[in-house]
Amino acid sequence: MKDDSGVLHSIVRRLQEQASMNVPIQLTDYFPGERLIGGKYSLETNMITIYMEEVRKQCILLFGSDDHLNDYFTVIVAHELGHAADKSLVLLAKQRSSTRCVNKKRQLSIIIEDNAWKFAMKLIPELSHILVPVRNQSMDLYREREIIQ
């Protein structure tokens, strides 16, 4: 991936300031698993990790090129900040981990994701033309898992 780290770090700082949040955000190249994960918020460490190669791949899959990479990156960071800002996340995550009901787990996952997307939309409404299709794709994946499994 080309080195736009100065621009990317500037985007991160701007979003943190807009959100009035001090959560650490780490940019790394690859997600260590098999899935195509662009970002992850950890409740345990209160830290966000953005996986840059995965973000680039997702952007290309969704938009056909990486021409909108900085905007796509902004959307992903805003979404992960949404998880960090979610006051109900601890309770929802606890409920999800304690239930044995697969459908209940999926429903809670959908609520968790939707909360983060709503936060992102408020944080960066000027990027709704990018955010809305990304959100729809993300939420469709959660809903498909509910139907398939």
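Modeller: Three strands make an open sheet with mixed pairing, in the order S1-S3-S2. Strands here are DSSP runs of E with at least two residues, helices are runs of H or I with at least four, and both are numbered from the N terminus. Two strands count as paired if DSSP finds at least two bridges between them. S1 and S2 each have a single partner strand and stand at the edges, so one side of each lacks a neighbour in the sheet. On average, neighbouring strands are turned by 20 degrees against each other, direction ignored. Such angles run from 0 to 180 degrees between N-to-C directions, with axes fitted as lines to C-alpha atoms, for helices over the stretch in contact.

This is a predicted model: local features need pLDDT of at least 70, side-chain atom pairs count only at pLDDT 80 or more, and totals for chains, interfaces and linings use all residues. Residues are numbered from 1 along each chain as its sequence is written, and side-chain values use heavy atoms, without hydrogens and water.

Now the pairings. S1 (residues 25–28) runs parallel to S3, joined by four bridges. Isoleucine 25 has isoleucine 48 in S3 as its bridge partner. S2 (residues 39–42) pairs with S3 in the antiparallel sense, also over four bridges. Here serine 42 is bridged to methionine 47 of S3. S2 and S3 form a hairpin with four residues between them. In that turn, asparagine 46 has a positive phi of about 50 degrees.

S3 (residues 47–51) is mostly covered, with four of its five residues buried (under 20% relative accessible area, 1.4 Å probe, protein chains only). Helix H2 (residues 52–63) lies across S1 and S3, at about 55 degrees to S3; contact means heavy atoms within 4.5 Å.

How values were computed. Buried < 20%, exposed > 50% of the residue type's maximum accessible area, 1.4 Å probe, protein only.
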